[in-house]
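Colleague: Could you walk me through this model? I'd like the definitions spelled out as we go.

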Amino acid sequence: YAGKARYIENPLNEAFKICRASFKEVDSVLRLQRMVDKNFPREKRYETVRRNGKNMQDYSEAYTKAYNATLKGMVERRLRASIAEIGSYWYSAWVDAGQPDLNKLIAHRMTRVQRTSIKEEEALYQKGKVLVLGRH
């Protein structure tokens, strides 16, 4: 749960506030990455993964886990904060638009494929699974 959306009075000021908060973390993130790098030889930091039919270099699972542990949940905290901020921007836009009935915005019928896809996504959500683009 990322928290309840809130109304944003000044979206531009809020965007700069978010940028400043993120920028304050840069030194810590880079310092912690250098610490983790010292414990991982270059050949252990990366591995070849296949994405979209192509082989590419990416951080290894072991390196990623070590880095995440060193960050002590920072990634999750920042992701939750971003979810709450995005929700707040959407909520604020809806309020500023006069709180229209969003159900009236869908003017066309969904195709059978679209309905099936939504049902599959809902089932994954109910099971607590994450939907990854291109695969389940």
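Modeller: Let me start with burial: buried means under 20% relative accessible area, exposed means over 50%, and partly exposed lies in between, with a 1.4 Å probe and protein chains only. Tyr-63 has 2% relative accessibility, so Tyr-63 counts as buried. This is a predicted model, in which local features need pLDDT of at least 70 and side-chain atom pairs count only at pLDDT 80 or more, while totals for chains, interfaces and linings use all residues. Residues are numbered from 1 along each chain as its sequence is written, and side-chain values use heavy atoms, with hydrogens and water left out.

Colleague: How many aromatic pairs are there by your rule?

Modeller: The count comes to five, where rings of Phe, Tyr and Trp (its six-membered ring) pair if their centres lie within 6.5 Å, and planes under 30 degrees apart count as stacked, over 60 as edge-to-face and the rest as tilted. One of them is the stacked pair of Tyr-59 and Tyr-63, at 5.0 Å centre to centre with 15° between the planes.

Colleague: And Tyr-59, why does that count as partly exposed?

Modeller: Because its relative accessibility is 34%, Tyr-59 counts as partly exposed. Ring pairs also link Tyr-59 and Tyr-63 with Phe-40, Tyr-46 and Tyr-67 into a cluster.

Colleague: What about Tyr-91 and Trp-94, how are those rings arranged?

Modeller: Tyr-91 and Trp-94 form a tilted pair, 6.0 Å centre to centre and 40° between the planes. Both residues lie in helix α5, three residues apart, about one turn of the helix; helices here are DSSP runs (H or I, at least four residues), as are strands (E, at least two), numbered from the N terminus. Tyr-91 is partly exposed at 33% relative accessibility, and Trp-94 is partly exposed at 28%.

Colleague: Switching topic, which way does α1 run against α5, parallel or antiparallel?

Modeller: Helix α1 (residues 11-24) packs with helix α5 (residues 74-96) at an angle of about 175°, with axes 12 Å apart. The axes are lines fitted to C-alpha atoms, for helices over the stretch in contact, and angles run from 0 to 180 degrees between N-to-C directions. That makes α1 roughly antiparallel to α5, since angles over 145 degrees count as roughly antiparallel, under 35 as roughly parallel, 65 to 115 as roughly perpendicular and the rest as oblique.

Colleague: Which residues of α5 make the contact?

Modeller: Arg-78, Glu-85 and Tyr-89 of α5 meet Pro-11, Glu-14, Ala-15, Ile-18, Ala-21 and Ser-22 of α1, where contact means heavy atoms within 4.5 Å.
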